[in-house]
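Subject: Structure for you to look through

Dear colleague,

I am passing on the structure we spoke about, with some notes on what I found in it. Please have it open beside this message as you read, so that you can follow each point for yourself.

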Amino acid sequence: MLQPVIERVVRESYGRLVAYLASRSRDVQLVEDALSEALIVALKEWPVQGVPDSPEAWLLTVARRRLVDARRKADREEVAWQGVAEMMRSAETVRQEGEFPDERVKLLFVCAHPALDESVRAPLMLSLLFGLTAEEIAGSFLVSSATMGQRLVRAKQRIQGLKLKFDVPEGDRLEERLGSVLDAIYVAYGVSWEEPRESVRGLGEEALQMAEIVVRMFPEEGEGKGLLALILYLKSRDRARRDEWGQYVPLSEQVVDLWDRELILKAENELKSAVRLGKLGRFQWEASIQSVHASRLWTGATDWGSLCVLYDELMHLHCSAGVCVGRAAARGEAFGAREGLRCLAELDEVELQGYQPYWATKGHLLEQAGERDEARNCYQMAIQMAGNEAVREWLRRRLES
Amino acid sequence: MKFAVLVYETAEEFSSRKDEAKMGAYWGGYAAYNEAMKMAGVAAGGNALQPPSLATTVRVRGDRRLVQDGPFSETKEQLGGLFVIDVLDLDAAIEWAAKCPSAALGAAEVRPILEMGPS
């Protein structure tokens, strides 16, 4: 009975509590320790005294007290103390109002700080904003729990040791820093898309929340809205991505009735208002591509010609393996398999050697072009590289057909 | 003549800075070294550095800024600080470097300071 309450509080408020406490003390590790101690106290006291009216404010008060004790013990430098003193004052307001400001956006900027390694940014966001553990995250990032744990600890030590500022960058640096935040959020979404796991609550949900935080804070930044739209489009297909036996279903074969119309409409709105801001970028182009796919819901067909144009634009801005292969696939549909193969031939095969979608797409195009033997070889390659069983199984069926 | 004594430390030395069992000996060693330099009248500056896990390496290539988490080079011994000493000649500087605690475990590198302007 109590466990769900605490779980809900953690799920909904963990990031806000960390952001609020850490932006004042700057020591995220200490803050996380204080919070988990507060949660242990809650597990002991709430069954006896009942759940407080504002569980968040209660946890904040207890965690803050722990934090102050820890500070005293550690006898840290003056700056940190000033932070704690300020926190004590503002905590008074919190107690009175039962509310505290949502400063998670600052936490996002810290997590995506250029001084932190790119590979740790998305995991760090999931850990600090949602309380996910190294064990919960590791698999999605294809590393062991121990490695992920070390990376997170090291990053948290750097945040504290380098005294990274918990604030929103201003001026020239904002665009670049916001770009890093958006990239990391998209990575966080990407890992959940690759391997939807029911056991860990959908990681895509977290990425969506983070994109919403950014959009709330920066309603005038088109790329934030572009990313939000992109995630909404992709999320709208959650139910269609697997068939009733859990098998992978590629986009072109998905049953559109399984798409979530409400999410698609939300995505359309976000994308429209993003484009209206007049500053196009990678995520708006990516969202536009997904918008074309989504319109199959109404038109019953995919407009491959438009997709080719959008891919060309996107490639100028963001020439990643995914974009290049996606473009080749679109051109293959629009102008025939030979044209798709020609696009793939322009790419550097050495660089794409380990990229599964490259081999799957090449196999598909070769199959359509009637080159069955070569197609089989490509599917074989793709099968070896596929990171999840559903995709592997789908490729195997192509191979046998 | 001014020299820098660059203190190159092993990972163990860096970790003994915070290890309760070893920090006394570690910091005591440097305090004594520093004191000896002052007494001899050769101390001319210097600073200790935080460990390489807090290093950030920056490169600018064209209009791209490449910021990397970590030190410039991944070597076994890493720069942990430096002393500036004012002594008669290289021989004297080497004598001081040999007394640096890091010389016994990691290394101490001696480099003449490049004096700018008319000399």
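In this predicted model, helix 16 of chain A passes helix 17 of chain A in a right-handed crossing. Helix 16 covers residues 321-335 and helix 17 covers residues 337-346, and the two pack at an angle of about 155°, with their axes 6 Å apart. Because angles over 145 degrees count as roughly antiparallel, helix 16 of chain A is roughly antiparallel to helix 17 of chain A. On the side of helix 16 of chain A, the contact is made by Arg327(A), Ala328(A), Ala329(A), Arg331(A), Gly332(A) and Phe335(A), while helix 17 of chain A contributes Ala337(A), Glu339(A), Gly340(A), Cys343(A) and Leu344(A).

Another pair to look at is helix 12 (residues 261-276) of chain A and helix 13 (residues 282-294) of chain A, whose axes come within 10 Å and cross at roughly 140°. These helices are therefore oblique to each other, and helix 12 of chain A passes helix 13 of chain A in a left-handed crossing. Their contact involves Ile264(A), Glu268(A), Leu271(A), Ala274(A) and Val275(A) from helix 12 of chain A, together with Gln284(A), Ala287(A), Ser288(A), Ser291(A) and Ala294(A) from helix 13 of chain A.

The largest nonpolar core here has 75 residues, and the members that touch the most others are Val18(A), Met125(A), Ile185(A) and Ala188(A). Helix 9 of chain A, residues 172-194, supplies the largest share of this core, namely 10 residues. There is also a second, separate core of 28 residues, which includes Leu314(A), Leu341(A), Leu366(A) and Trp394(A).

Is Val110(A) buried or exposed? Val110(A) has 25 other C-beta atoms within 10 Å, and so it is buried, the cut-off for that being 20 or more. Val110(A) belongs to helix 5 (residues 104-111) of chain A, and, leaving aside residues up to four places away in sequence, it touches Ile159(A), Leu164(A) and Phe166(A). The C-alpha atoms of Val110(A) and Val28(A) are separated by 10 Å, although these residues are 82 apart along the chain.

The other residue is Lys163(A), which sits in the loop between helix 8 (145-161) and helix 9 of chain A. Most residues other than glycine have a negative phi, whereas Lys163(A), although not a glycine, has a positive phi of about 50°. Lys163(A) has 13 C-beta neighbours inside 10 Å and therefore counts as partly exposed.

As for chain B, it has 4 helices and 6 strands, and from the N terminus on its elements run β-α-α-β-β-β-β-α-α-β. Its C-alpha atoms fill a box of roughly 50 × 50 × 20 Å along the principal axes, and buried residues make up 21% of the 119 residues in chain B. Of the contacts in chain B between residues at least 6 apart in sequence, 75% join residues at least 24 apart.

Finally, a word on confidence: chain B averages a pLDDT of 94, with 99% of the residues scoring at least 70, and the model scores ipTM 0.77 and pTM 0.85.

With best wishes

Definitions and conventions. Residues are numbered from 1 along each chain as its sequence is written. Chains are lettered from A and ligands numbered from 1 in the order in which they are written. This is a predicted model: local features need pLDDT of at least 70, side-chain atom pairs count only at pLDDT 80 or more; totals for chains, interfaces and linings use all residues. A nonpolar core is a set of buried Ala, Val, Leu, Ile, Met, Phe, Trp, Tyr and Cys residues joined through C-beta atoms within 7 Å. A residue is buried if 20 or more other C-beta atoms lie within 10 Å of its own, exposed if 12 or fewer, and partly exposed in between; C-beta atoms are placed from the backbone. pLDDT is the predictor's confidence in each residue, from 0 to 100. Axes are lines fitted to C-alpha atoms, for helices over the stretch in contact, and angles run from 0 to 180 degrees between N-to-C directions. Angles under 35 degrees count as roughly parallel, over 145 as roughly antiparallel, 65 to 115 as roughly perpendicular and the rest as oblique. A crossing is left-handed if the near helix is turned anticlockwise from the far one by less than a right angle, and right-handed if clockwise. Two residues are in contact if their C-beta atoms, placed from the backbone, lie within 7 Å.
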